[in-house]
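Subject: Handover of the structure

Hello,

Here is the structure I promised to pass on. My notes on what was found follow below it.

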Amino acid sequence: MNPNLNLWLIPVLPLAGAAINGFLGKKASREAVSAVALFFCGAAFVMALWVAVRFSTLSLPHQEFVAHWIRFGSFRADFAFYLDQLSLVMLLVVTGVGFLIHIYSVGYMWDDPSYYRFFSYLNLFMFFMLTLVLANNYLVMFIGWEGVGLASYLLIGFWFTKDSAASAGKKAFIVNRIGDFGFLIALFLLIKHFGSLDFDQVFRSISPLGAETAGAGLLTAIGLLLMVGAAGKSAQIPLYVWLPDAMEGPTPVSALIHAATMVTAGVYMVSRSHVIFERAPSALMVVAIIGTLTAFFAATIGIAQTDIKKVLAYSTISQLGYMFMACGVGAFSAGIFHLMTHAFFKGLLFLGAGSVIHAVGGEQDMRKMGGLRSYIPWTFLAMFIATLAIAGIPPLAGFWSKDEILWRAYQVSWVYWLIGVVTAFITSFYMFRLLYMTFFGDYRGVQEQASGQASHGHDAHGHGEPHESPMVMLVPLMILALLSLFGGFVGWGHHFEHFLAPVLGGESAGEAGTSITEWLLMGVSILAAVSGWILAHLLYSARPELPQKIADSLGGFYQTVVHKYYIDELYAVLFVKPLVEGSTRILWQDVDRKMIDAAVNDAGDGAGHVSDEVRHMQSGNIRSYAGWITAGSAVVIAFMIWMGVR
Amino acid sequence: MSFHLILFLAFGAVCVGGAVNLLAQRHPINSALSLIAVMAALAGEYLLLGAEFVAAVQVIVYAGAVMVLFVFVIMLLNAGEEEQTNGSRVAFLLGVPGMLTGGVLVAWVVLRQSGSETVPIGALPGRPTDIAQLLFHDFLLPFEVTSVLILIAIMGAVVLASKPETPAGRAD
Amino acid sequence: MVPSYVPLSYYLLLSGFLFACGVVGFLIKRDIITIFMSIELMLNGVNLSFVAFAAHWHALAGQVFVFFVMVVAAAEATVGLAIIIAVYRTRETLNVDQVNLLKL
């Protein structure tokens with residue numbers, strides 16, 4: 001038996017931090033708020049490390065029961081935690097990257113008036129995310145699932161006085177909700193057919209079942225519904241539309257939630273449920289198709305964006321597509337591997353972007369940047385490393401994970417592989433485009449910009465030119481850069497896959513060493529990455545007048561891509577507008593006003609009218625009283641006689 | 001056609017006539033006198049049933065004291081013929097039919113239940129001795145309570161009917 | 001002498017008729033004193049019923065009860081007439097329809 005590790009502390013410590021900052025932070029000093037937030041988040045990270053150190057001594061999976069929750073007939077769901085290799089990986093990623101971003105936020109949000117609220121929400125998010133990752137049953141995971149959605153809403157709409165931010169928060173929450181609906185139905189199906197939501201119980205019941213034939217089937221249904229939930233949370237087609245809008249939130253939020261952790265919850269959930277998916281091939285295929293298409297689709301949009309954060313947002317959607325592609329071809333551990341490396345370099349990219357935005361005083365349009373290399377060299381170095389990683393250039397982290405996915409995809413179908421390679425090319429292109437537009441060439445920004453627009457909570461420095469970020473922001477950047485540089489080596493020799501094998505199954509056709517095909521494909525992906533770099537260099541460094549010419553020649557098609565294929569407008573017409581109309585006309589005016597309000601009002605009026613009539617009985621006239629009495633007593637006599645005669 | 005029945009019918013006719021006359025007369029004094037006639041006839045009915053003491057008390061107390069009281073009040077207030085106001089439709093519309101219905105129902109029940117039973121003349125002699133026996137043994141408490149009741153009635157009547165004090169009348 | 005019989009129902013019907021006349025008088029008369037007299041008529045009708053049943057069942061308690069009814073009727077008449085006098089002093093009328101201030 002394993003000793004009690006008090007796993008519950010890991011989520012609860014940030015919760016305590018959230019509570020303290022939330023209730024007491026308003027009057028406290030910034031130093032105090034920072035100390036509390038960093039302490040509790042750091043404590044969670046330290047505990048995670050400690051658990052990792054003891055990990056090899058545990059028999060797995062390690063479960064810890066905390067409290068009773070639901071007992072209903074034969075159905076039980078308790079507050080309990082679950083530790084195995086998969087949750088350990090997620091745990092370390094979430095606490096580690098989370099802690100780094102907390103440190104970064106101290107610097108980034110220093111001048112914001114609602115400083116304490118930010119850290120309270122950030123800690124709250126950590127609590128929910130850790131609950132999600134450490135849950136031992138789907139229901140506790142769902143608590144975390146919903147909770148991170150809530151935290152996301154709160155943080156996206158952090159500057160809620162801004163209309164666009166408030167709307168973005170709403171949009172994120174509502175679209176997430178649609179996914180949650182699918183998730184819930186999947187849970188109901190699980191309860192109905194397997195009687196439990198505990199991971200080992202469900203998986204043990206499902207394991208003996210054979211793979212379902214294509215088409216209908218319970219497991220396929222569950223798998224598809226789970227995918228709906230994952231598509232909502234992890235921004236896949238068709239529920240990705242909230243993620244670009246979520247860039248309204250502060251940049252650390254984008255880094256933590258919308259790059260490293262929350263959006264990966266869907267991938268984690270799908271990997272955790274691999275037992276179900278492996279027995280529902282149709283659902284798995286749907287997962288792969290959605291992932292692949294999303295990866296490609298989002299990448300094409302990323303080419304034409306001019307806001308630095310939007311490019312990164314679409315990049316996130318695209319990379320998440322890769323992870324789902326991996327899961328969809330059965331390479332769950334490859335998906336998790338990419339999740340981990342992505343957390344490093346995407347977190348780094350967002351934090352670096354934050355640093356850039358901070359440097360130019362709040363401007364986010366890349367067309368107004370340029371030549372920042374000389375002003376903010378450290379940031380440039382970090383961003384450069386991250387771009388190399390995401391483009392998939394060896395030996396950085398992104399190469400190993402992406403290559404693994406492409407290799408496994410190829411083994412299922414060359415179509416997936418081809419689209420994946422093309423997407424990799426496009427990814428490399430737009431990432432280097434971002435790099436060139438931001439850091440190379442001449443500074444295109446107006447000087448007044450650099451002296452400070454406070455749109456990211458940063459006061460005017462009055463320097464008159466872009467300036468580097470403080471150390472508190474740079475150190476996390478550097479740490480993440482190191483991780484992006486060296487983090488991929490855990491995948492060397494399939495170590496990572498072996499580590500996760502007890503959980504995710506170690507079947508990999510690539511087990512037989514590295515074959516010629518694998519080397520070949522590796523070469524192709526490197527080629528794609530480098531070509532993207534070269535093309536970006538050509539268009540944005542060597543011949544900067546070309547992009548405009550190309551855009552003009554493509555005309556309408558280019559406009560469509562710039563406007564994100566008008567998907568948002570399409571949704572508005574198809575779904576939003578009818579819903580709002582229907583809600584206003586039918587539900588509000590007809591149902592609420594005419595039926596419900598009318599019922600209540602008429603009941604009240606009716607009572608009034610009735611009593612208006614009845615009060616005439618009290619006329620003060622003795623004779624009428626006598627008349628009523630006589631009539632009443634006649635009725636009573638009649639009743640008594642009737643009773644007696646019966 | 002026994003003598004008992006004839007007597008019963010005679011007294012009964014007086015009762016009925018007096019009752020109807022009470023309703024028909026417009027001046028209260030006429031109604032009061034009709035009522036006295038009814039009570040006297042009722043005393044006769046009681047005698048037919050053998051209730052001597054009750055008959056005597058009926059004449060003395062009811063006809064002799066209560067009705068006299070009524071007549072005195074009519075005189076005191078100088079009550080004239082009643083006016084023909086019509087303040088309540090309910091009394092006519094609901095009350096009278098209701099009462100008629102009730103009456104018919106009760107009559108029906110009475111006839112059904114006791115249609116064949118008969119009472120002989122002087123069936124239960126109500127001698128004062130026997131009545132006293134009951135009154136002061138079994139019904140002693142109610143008897144005492146009624147004496148208290150009368151006392152209260154007297155005091156109440158005195159208070160209610162006395163002239164209200166004039167504002168300047170207190171001075172002495 | 002041959003005892004002669006009168007059906008019990010005759011007495012009861014007479015009693016009922018007297019009662020009914022009392023009720024009708026209460027309902028249709030407008031003079032308060034006449035209404036009071038109708039109440040007395042009702043009570044008398046009930047008394048006859050009591051005595052008749054007492055004779056039928058040979059229960060003397062019926063006649064004793066008549067006694068009590070009379071006492072109560074006397075007390076009630078006393079107080080009631082006193083009230084009428086008091087009301088007459090203030091309202092100057094014996095018409096019931098004009099004493100109707102206790103209304104909604």
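C:H58 counts as exposed, because it has 9 C-beta neighbours inside 10 Å. Burial here uses C-beta atoms placed from the backbone: 20 or more others within 10 Å is buried, 12 or fewer is exposed, and anything in between is partly exposed. C:H58 is not a glycine, yet its phi is positive, about 55°. Look for C:H58 in the loop between α2 (32-57) and α3 (61-91) of chain C. Helices (H or I, at least four residues) and strands (E, at least two) are DSSP runs, numbered from the N terminus.

Some housekeeping. This is a predicted model, where local features need pLDDT of at least 70, side-chain atom pairs count only at pLDDT 80 or more, and totals for chains, interfaces and linings use all residues. Residues are numbered from 1 along each chain as its sequence is written, while chains are lettered from A and ligands numbered from 1 in the order in which they are written.

Back to chain C. It has three helices and one strand. Their order along the sequence is β-α-α-α. The radius of gyration of chain C, taken over C-alpha atoms, is 18 Å, whereas a compact globule of 104 residues would be near 13 Å. That globule rule is 2.2 Å times the number of residues to the power 0.38. The C-alpha trace of chain C spans about 60 × 30 × 25 Å along its principal axes. Still, 60% of the 104 residues of chain C count as buried. Take the contacts in chain C with a separation of 6 or more: 49% of them join residues 24 or more positions apart. Contact means that the C-beta atoms of two residues, placed from the backbone, lie within 7 Å.

Is A:A235 buried or exposed? A:A235 counts as buried, because 31 C-beta neighbours lie inside 10 Å. A:A235 sits in the loop between α8 and α9 of chain A. A:P238 is found in the loop between α8 (218-233) and α9 (242-245). The peptide bond joining A:I237 and A:P238 is cis, with omega about -5°. For background, most residues other than glycine have a negative phi, and most peptide bonds are trans.

Now the cores. A nonpolar core is a set of buried Ala, Val, Leu, Ile, Met, Phe, Trp, Tyr and Cys residues joined through C-beta atoms within 7 Å. The largest has 209 residues, and those with the most contacts inside it include A:F125, A:V287 and A:L348. Helix α15 (residues 332-359) of chain A gives this core its largest share, 17 residues. Leaving aside residues up to four places away in sequence, A:V287 touches A:M227, A:V270, A:F277, A:F324, A:C327 and A:G328. A second, separate core has 86 residues, among them B:A51, C:A20, C:V24 and C:I33.

Last, chain B. An automatic or database assignment sets its domain bounds: domain 1 is 1-80 and domain 2 is 125-161. Their centres, over C-alpha atoms, are 22 Å apart. Five residues of domain 1 of chain B contact five residues of domain 2 of chain B. Between chain A and chain B, the contact takes 13 residues from each chain.

Best wishes
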